[in-house]
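Keep the picture open while you read.

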Amino acid sequence: MPATDSRRSQESRDGGCPVPEVERVFRAEATRVLATLISLLGDFDRAEDAAQDAFSAALEQWTETGIPGNPRAWLVAAGRNRAIDRLRRHRRFLSKRQELAHIAAIEAQSQLATGIASEEESRLQDDLLRLIFTCCHPALAQEARVALTLRTVCGLTTEEIASVFLLPVPTMAQRLVRAKAKIREAGIPYEVPADELLPERLDGVLAVIYLVFTQGYAPASGASLTREDLCREAIRLGRLLHAVMPAHPGPDALLALMLLHDARRDARAGPEGDIILLEQQDRSLWDRRQIEEGLALVEASLRHPGRPGAYAVQAAIAALHMRAATFAETDWPQIAGLYEVLLRLYPTPVIELNHAVAVAMVDGPERGLMLLDAIAARGTLANYHPLPAARAEMLRRLGCQSEAIEAYREALALASLEPVRRHLVDRLTELGGSR
Amino acid sequence: MQYLLLIYQNEAQAGAASPAQMAAMHQEYGAFTQSIVKSGNFKAGDALQATSTATTVRVRDGKTMTTDGPFAETREQLAGYYLVEAKNLDEATSLAARIPSARIGSIEVRPIRKFD
């Protein structure tokens, strides 16, 4: 072993490349390489095997000869060749005719894809976009879409995805296997949908991206207030979608919304990981560059013709928060007004809850409590801890101590994210109530 | 690929339609079938008699049991089918969406399994 090591390091100096550098380049290219391999091979599993083979080949060769000029094209070619080798090796499972047909199909696709060898960035973008639309196809269950997107587009491991959804790894692995089998067997196309289907499909893709983001920004449970990796992946996907579909309303608004929320990340948690509420946040910790980018996108998203989308209005609300130099300077009347717009266009119980909180900032806690009680009476948010937590807050501000304690206890029974639980316990203690 | 488009609808509701409504539905079905024959998607298709005419057969321990009625009681019943050739699931679902009963019932789209 030492002999090999010294030979490797020697050759690194002569133009070979150290292993960590190969790994870094591979990680940067992995999703695009996989997307193109799926497009060439027409099968998720075979493409994943081929990408893995390409990586092994790269480890072997790049450490000797250095990284090629176009590593992505190199990896795609290596993956494709290995896939053809595998097909040949497995020919006893296939008839000769099937094998030749497969290989001919791959080669024909590769002819179409000769662009990958050089400058055709657009073709690669297209493959990636196709991959996203396939993973988010409405014929797949919502949870399967999210899992498949995280696995295939974001490159998270099955273990990582299982931990996001608090599921045993075999359950998540099974979910991914089933989703890939459905794509293959039901003939879910590897395509960006036709124009007439695009608006509906794009909504589905945006929903998946936003779900990934909210899993990262406000995880349902666990020890930490945010999961940076998921926020980052969601923003990366949002950027990508926006870059490829700049003229479509939706991607710009969603990206703006995510950027603006995420810009607060460092200010949201204390050194011990405790929640710091908006009111107490040190606004100098907000990411100014990200805010500027988000604000520009909000404006662009509101300029699309037609009525504004749900993400655009939510992003506009986030923008008002970010524009306030201090909490006291927040433009609550306008925020409450935008929530009313949202409620009219896209009513959901969660929006209604946020509206009630904004109204309370304008008209006082009594009015807020009335709205919250109306939501609670309908029972649609029965297991959603922010509802009793918001009621508790109103009651506390109104000086109704025992009712506030009751509501905080109710919220605590529903919350499973550790920092949220600690915050609720603190509030209970302040009010002299026990858990 | 080939897909079976299974047409489910509430029999009682469909049976309660007026003669004029039934004639209009019939005509719509005729036009739809014509159009997918013309486009080359059509392989086969039929309407079924009501589930009151259904018979279910099971063989257990070598014994054949024949019972009246469909396999399961459901809100919507199988009323007919089309077997179509489609490029992929998107084409199959857009054909399914054009079946007149899709507006009142539901269409299950099932890929045909090939053994080779």
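Helices (H or I, at least four residues) and strands (E, at least two) are DSSP runs, numbered from the N terminus. Residues are numbered from 1 along each chain as its sequence is written, while chains are lettered from A and ligands numbered from 1 in the order in which they are written. What you're looking at is a predicted model, where local features need pLDDT of at least 70, side-chain atom pairs count only at pLDDT 80 or more, and totals for chains, interfaces and linings use all residues.

pLDDT is the predictor's confidence in each residue, from 0 to 100. Chain A has a mean of 87, with 89% of its residues at 70 or more. Within chain A, helix H12 comes out highest at 97, and helix H1 (residues 2-13) lowest at a mean of 43. Over residues 1-13 of chain A the pLDDT stays under 50, and the model has six contacts for them beyond four places in sequence; a contact means that two C-beta atoms, placed from the backbone, lie within 7 Å. Residues 114-119 of chain A are also below 50, with eight contacts beyond near neighbours in sequence.

The expected span is 1.5 Å times one less than the number of residues.

| Helix of chain A | Residues | Reach, first to last C-alpha | Expected span |
|---|---|---|---|
| H7 | 142-153 (twelve residues) | 16 Å | 16 Å |
| H14 | 288-302 (15 residues) | 21 Å | 21 Å |

Which residues get buried? A residue is buried if 20 or more other C-beta atoms lie within 10 Å of its own, exposed if 12 or fewer, and partly exposed in between, with C-beta atoms placed from the backbone. H7(A) is mostly covered, with ten of its twelve residues buried. Among them are A:Arg145 and A:Arg151, along with A:Leu148 and A:Val153. After H7(A) comes A:Gly155, which has a positive phi near 75 degrees.

In H14(A), the buried residues are A:Gly294, A:Leu295, A:Leu297, A:Val298 and A:Ser301. Seen down the helix axis, the buried residues of H14(A) fall within an arc of 165 degrees, so they line one face; the arc is that of the directions from the helix axis to the C-beta atoms. On the other side of H14(A), A:Arg288 and A:Arg289 are exposed. The cover over its buried residues includes helix H12 (251-262) and helix H15 (310-323) of chain A.

**Over to chain B**

Chain B has three helices and six strands, in the order β-α-α-β-β-β-β-α-β along the sequence. Its C-alpha atoms fill a box of roughly 45 × 45 × 20 Å, taken along the principal axes. Of its 116 residues, 16% are buried.

Take strand E2 (residues 42-47) of chain B: zero of its six residues are buried, so E2(B) lies largely in the open. Five bridges join E2(B) to strand E5 (residues 77-85) of chain B, and the two run antiparallel. Strands pair if DSSP finds at least two bridges between them. One bridge links B:Gly45 to B:Tyr82 in E5(B).

B:Asp61 sits in the loop between strand E3 (55-60) and strand E4 (63-68) of chain B. B:Asp61 has a positive phi of about 50 degrees although it is not a glycine. B:Asp61 is exposed, with 4 other C-beta atoms within 10 Å.

**Where the chains touch**

Finally, seven residues of chain A are in contact with five residues of chain B.
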